[in-house]
Amino acid sequence: MEMRGITKRFPGVMALDEVDFELEKGEVHVILGENGAGKSTLIKMLSGAYQPDEGEILLDDEPVSISSATVAQELGISTIYQEFNLVPQLTTAENIFLGRQPRRFGLVNRRKMGEEARRILERMKVRVDANALVSNLGIPQRQMVEIAKALSLDARILVMDEPTASLSGQEVERLFEIIRGLKEEEVSMIFISHHLEEVAEIGDRVTVLRDGKVVDRVPASTNRSEFVRMMVGRPIEDQFPRQQPETGEVLLEVNNLSQKGILEDASFQVRAGEVVGMAGIVGAGRTELARAIFGVDPVDSGEVWVEGRRMKLGNPREAKRRGMGFVTEDRQGQGIVPPLSVEENLSLASLGLNTSVGLVNRREQRKRARKMIEDLNIRTPSPEQEIRYLSGGNQQKVVIGKWLLANSRVLIMDEPTRGIDVGAKVEIYELMNELTKNGAGILMISSDLPEVLGMSDRILVMSEGRITGELSVDGATQENVMELATQGSEAAVE
Amino acid sequence: MSSVVGRIKPRELLSRGGPLGGLIILCVVMTILSPFFLSFNNLFNVGIQIAVVAILALGQTFVIVSGGIDLSVGSVLGLAGIVFGWASVVAGLPLPVALALGIGTGALAGLTNGLLITLGNLPPFIATLAMLSAARGLALVVSGGVPLNPLPEAIRTLGRGDLFFIPLPVVLTLIMLVIAFGILRSTYSGRCMYAIGGNEEASRLSGINVSRQKLIIYTLSGLFAGIAGILFMARLASADPQGGFTYELDAIAAVVIGGASLSGGVGTASGTLIGALILGVLRNGLNLLNVSSFWQQVVIGAVIALAVMTDTLRRRKG
């Protein structure tokens with residue numbers, strides 16, 4: 001497969017500018033680039049979602065026109081998106097064969113469908129029940145179903161847009177095994193990822209995109225800092241610029257928090273000036289712990305103390321009043337309000353502070369929001385811009401800014417840099433430095449081990465709803481974190 | 001003046017620009033087609049005819065902006081009007097008390113909707129569908145199924161009188177427009193409507209008391225329906241238990257034609273008024289052109305579909 005001189009313009013933006021790309025048989029070709037570099041646009045040309053304005057796509061040296069998703073499928077190109085395209089109310093098998101169910105006399109042949117689904121899942125060595133409803137599956141399992149769906153098409157070219165974003169260590173390993181197996185079957189793969197360490201492990205070649213142009217095409221064994229330099233266009237001295245300030249009084253104290261089947265006796269503290277990292281595999285209960293502390297979900301027993309005073313649990317409003325802020329893992333679903341402006345999103349948690357006798361002082365609100373946009377260096381054409389048009393990194397800054405405007409001193413950040421490009425990640429880290437220097441305390445939940453090791457002052461590890469250990473940052477390595485994370489547990493997929 | 005214009009957000013201008021453009025085009029076309037269209041008398045007529053639906057639609061705007069829907073407003077209008085009629089005609093209570101009872105009944109019906117949705121965990125569609133039936137039934141029960149009259153002279157004036165040559169129903173509509181505009185734009189609850197409609201979970205996690213706000217939102221919708229009910233009965237000079245039958249459909253249509261999104265988070269008071277005016281001008285114009293009322297319904301259906309389609313396209317491009 002080859003793409004030549006692909007150009008795509010959107011109103012006001014040159015999304016792709018004469019991009020050349022090639023894919024050999026049985027090759028894993030990684031595309032790297034910051035958000036907005038044009039990676040997604042490029043692969044959408046292959047899935048039939050977009051047509052190029054200029055340039056051509058060649059398949060086996062024959063020019064093809066991929067005008068729709070159906071055409072892409074017929075050509076043997078299938079795409080696994082990072083967003084889930086599954087129908088939760090249907091079974092795994094039904095989802096795998098959605099729209100192409102094996103039929104007999106016009107009716108769906110359920111038995112055959114089940115058998116074929118099982119065959120594919122077995123080939124992937126994934127233990128998911130073909131008859132289970134997708135709504136009952138965990139996120140990593142759903143990702144596996146998504147992959148099974150793509151495999152069931154017997155694709156010659158498989159496009160994967162950040163397939164590892166919602167998987168943890170062991171599941172990623174499982175996926176890589178599948179990829180290696182497909183390589184032997186001469187399937188060609190395009191792999192998009194923000195995790196640089198994955199690139200060398202799974203990739204053959206790497207094409208780096210920046211601002212819609214190809215920067216270079218290099219072997220996957222290229223040095224990591226070289227990749228970063230190519231992606232951002234400037235060297236980043238330190239990917240994790242953590243400067244540990246003096247720690248102060250205890251801001252957050254969690255005692256024996258338990259919730260049947262989900263959390264068991266979780267206890268820890270966060271001090272002013274600290275970033276406490278929290279590692280663990282997906283499903284270990286880290287997000288559940290964060291939600292319990294912030295009062296989103298109920299608990300059976302346990303206490304939370306904020307700045308030396310016990311807090312009533314089970315009410316996010318109370319948590320906010322006591323100076324806590326919660327940057328959720330699901331930015332689109334729980335963090336931002338997509339149709340509203342940047343200014344309104346920034347003011348969301350401080351709406352009450354700007355209100356007297358039921359009336360919102362919108363002038364004051366605007367003034368504060370503008371200052372926050374400046375302070376956090378949020379890149380937006382104007383405060384009135386709808387937030388959904390901002391990049392992931394800038395959306396995340398808005399979510400953090402929202403809590404700063406509500407005077408939060410204790411921030412719980414759940415996967416704060418997920419889906420955010422390298423340059424913006426460093427900005428978020430610098431912001432965390434700035435906040436802790438000014439006396440805030442941060443609980444950072446992350447599945448990105450280098451991030452946990454690079455940005456935390458202390459590391460807590462969770463497994464199966466329990467905190468299985470605490471490591472000082474000096475003594476922590478990826479290996480001993482993983483050891484604690486898998487204590488007494490099996491991988492979520494199994 | 002220019003400073004006021006300068007402060008209007010581009011997004012608001014965009015969402016208001018489309019429907020306003022449509023209304024202007026519609027008026028120009030009607031002026032060309034009918035010599036009777038462009039006169040103070042006729043335009044005031046349009047204003048009087050849309051007043052009730054416009055007030056209902058303004059209340060509905062709160063609900064739709066917050067991502068919900070209120071199917072009960074037509075029935076609540078009828079119930080509020082009947083309670084008012086019963087209080088003044090049958091019970092012989094003084095006018096202010098009767099007014100308070102009527103409008104209060106509307107608000108109470110709205111609050112009940114809110115309670116069914118928040119405490120009862122019903123989807124807004126189902127809760128307000130239940131209220132649509134129940135409120136109409138109660139209106140028939142209270143009235144015994146027959147119109148109650150004569151209403152007091154003072155309230156009949158509301159339906160017929162003028163203030164500086166402007167018909168009172170139009171004045172009332174404008175007052176309600178200003179109130180709705182202020183609520184949406186500047187009150188805590190108004191800002192919460194946009195936030196909840198745009199992303200309920202994010203709003204909850206940002207410390208907004210979503211349940212309480214929903215109670216307020218549905219109560220406001222009921223309150224507006226109550227006021228619309230008084231105006232309806234005043235225009236009729238009689239309290240009719242069938243008053244406002246199927247008006248919820250016009251109210252929802254006006255809000256949606258006015259640029260609000262049924263998925264929530266988008267919509268303005270002025271847009272809703274424009275939506276109601278588009279419906280009103282269309283009906284009025286088709287009447288002037290002697291189009292049969294059967295065909296009018298077909299045309300209005302087409303306009304609703306067309307308006308929302310162009311609006312969606314415009315947004316996608318913008």
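Tutor: The model is predicted, so local features need pLDDT of at least 70. Residues are numbered from 1 along each chain as its sequence is written.

Student: What makes residues 392–405 of chain A helix α14?

Tutor: Helices are DSSP runs (H or I, at least four residues), numbered from the N terminus. Helix α14 of chain A has 14 residues. The expected span is 1.5 Å times one less than the number of residues. For α14(A) that gives 20 Å, and its first and last C-alpha are 20 Å apart, close to that expectation.

Student: Why is α14(A) called mostly covered?

Tutor: Buried means under 20% relative accessible area (1.4 Å probe, protein chains only). In α14(A), 14 of 14 residues are buried. Just after the helix, Asn407(A) takes a positive phi of about 60°.

Student: Where do the domains of chain A lie?

Tutor: Bounds come from an automatic or database domain assignment. Chain A gets domain 1 (2–232) and domain 2 (250–485). In contact (heavy atoms within 4.5 Å) are 15 residues from domain 1 and 13 residues from domain 2.

Student: How much area is buried between domain 1 and domain 2 of chain A?

Tutor: About 1,100 Å², with 60% from carbon and sulfur atoms. Buried area is the accessible area (1.4 Å probe) that two parts lose on being put together, summed over both. Helix α8 (residues 224–232) of chain A gives the most to the domain 1 side, with three residues.

Key:
Chains lettered and ligands numbered in written order. Predicted model: local features only at pLDDT ≥ 70, side-chain atom pairs only at ≥ 80, totals over all residues. Heavy atoms only, no water. Helix = DSSP H or I, 4+ residues; strand = E, 2+ residues; numbered from the N terminus. Buried < 20%, exposed > 50% of the residue type's maximum accessible area, 1.4 Å probe, protein only.
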